Amino acid sequence: MGLRVAAGLSGGVSAIAGLSDSFTIVVVAAVGRLAAVYLAETQAAASRANLMARVAQIATSAESLQQILDRILNEMAREGLRGGLVGLINERGEIYPAAAEGDIDSAVWNSRLPVGTGIMGTAAAEGRSILVRDIDAPDAPVKPANRGLGSNARIRSLVVAPLLAAGKVIGVLEIDSAQPWRFDEQDLALLEQIAFAVS
């Protein structure tokens with residue numbers, strides 16, 4: 001009988017040890033996933049901080065406005081924020097492209113957009129940033145203007161931030177993508193920081 005009890009205990013101990021090992025594996029896997037997420041977020045934050053430092057350095061350089069805008073858009077593209085455009089407001093209250101990176105054709109380059117019209121015009125008129133995850137979605141926050149104009153036809157998602165100087169909107173900074181849902185709130189916050197540095 002003593003052998004049977006010992007055997008029963010031994011089987012119970014093996015089952016408990018097996019459950020303990022299984023639980024340990026689950027916990028280790030969960031901790032590993034959390035560590036990977038934390039590392040990715042930390043690296044992304046460091047990358048954004050590095051980009052902001054480079055943008056601030058460019059923005060305070062003694063170069064011409066055109067050179068500064070071109071270099072900032074190139075830095076943004078290096079970080080995956082391709083398709084950038086800086087639009088400034090002229091004396092007639094129209095937004096015109098002052099600098100661009102990526103695929104922009106002459107029709108878009110030569111276009112003028114009245115402030116208050118479309119996504120960029122609304123951002124300029126209201127002095128607020130706009131994130132559009134899918135331009136073609138029925139619930140898009142603002143309808144685009146000149147949607148079929150040249151390279152504009154390929155845009156599916158975009159982020160626009162106003163450029164402010166002395167409390168006045170002087171233009172907009174925009175990034176776009178042919179892929180819907182390409183941008184999120186983190187991209188919006190980053191673009192706002194870059195727009196502040198550019199301003």
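The lining of the largest cavity has 16 nonpolar, 7 polar and 6 charged residues, where Ala, Val, Leu, Ile, Met, Phe, Trp, Tyr, Cys and Pro count as nonpolar, Asp, Glu, Lys and Arg as charged, and the others, Gly among them, as polar. The model is a predicted one, in which local features need pLDDT of at least 70 and side-chain atom pairs count only at pLDDT 80 or more, while totals for chains, interfaces and linings use all residues. Residues are numbered from 1 along each chain as its sequence is written, and side-chain values use heavy atoms, with hydrogens and water left out.

A search of the whole structure finds 1 cavity of 30 Å³ or more; on a 1 Å grid over the protein atoms alone, a cavity is a set of points where a 1.4 Å probe fits but cannot get out, whereas a pocket is an open set with protein on both sides within 12 Å along at least five of seven lines, and lining residues have an atom within 4 Å of a point. The largest cavity holds about 410 Å³ of space, a volume being the space filled by probe spheres set on the points, which are joined across faces, edges and corners. It is lined by 29 residues, of which Val 108, Met 120, Asn 152, Ile 155 and Glu 174 are the closest to its centre. Strand S2 (94–100) gives the largest share of this lining, 4 residues, and S1 (84–89), helix H4 (118–126) and strand S6 (168–177) each supply at least two; helices (H or I, at least four residues) and strands (E, at least two) are DSSP runs, numbered from the N terminus.

The largest pocket, in turn, contains about 160 Å³ of space, and among its 10 lining residues Arg 48, Glu 79, Leu 81, Asp 187 and Leu 190 lie nearest the centre. Helix H1 (2–59) and helix H5 (185–198) each supply at least two residues of that lining, with the largest share, 4 residues, coming from H1.

H5 also passes H2 (residues 65–78), and the contact between them is made by Leu 69, Ile 72 and Met 76 of H2 and Leu 191, Ile 194 and Val 198 of H5, contact meaning heavy atoms within 4.5 Å. By class, these are 6 nonpolar, no polar and no charged residues.
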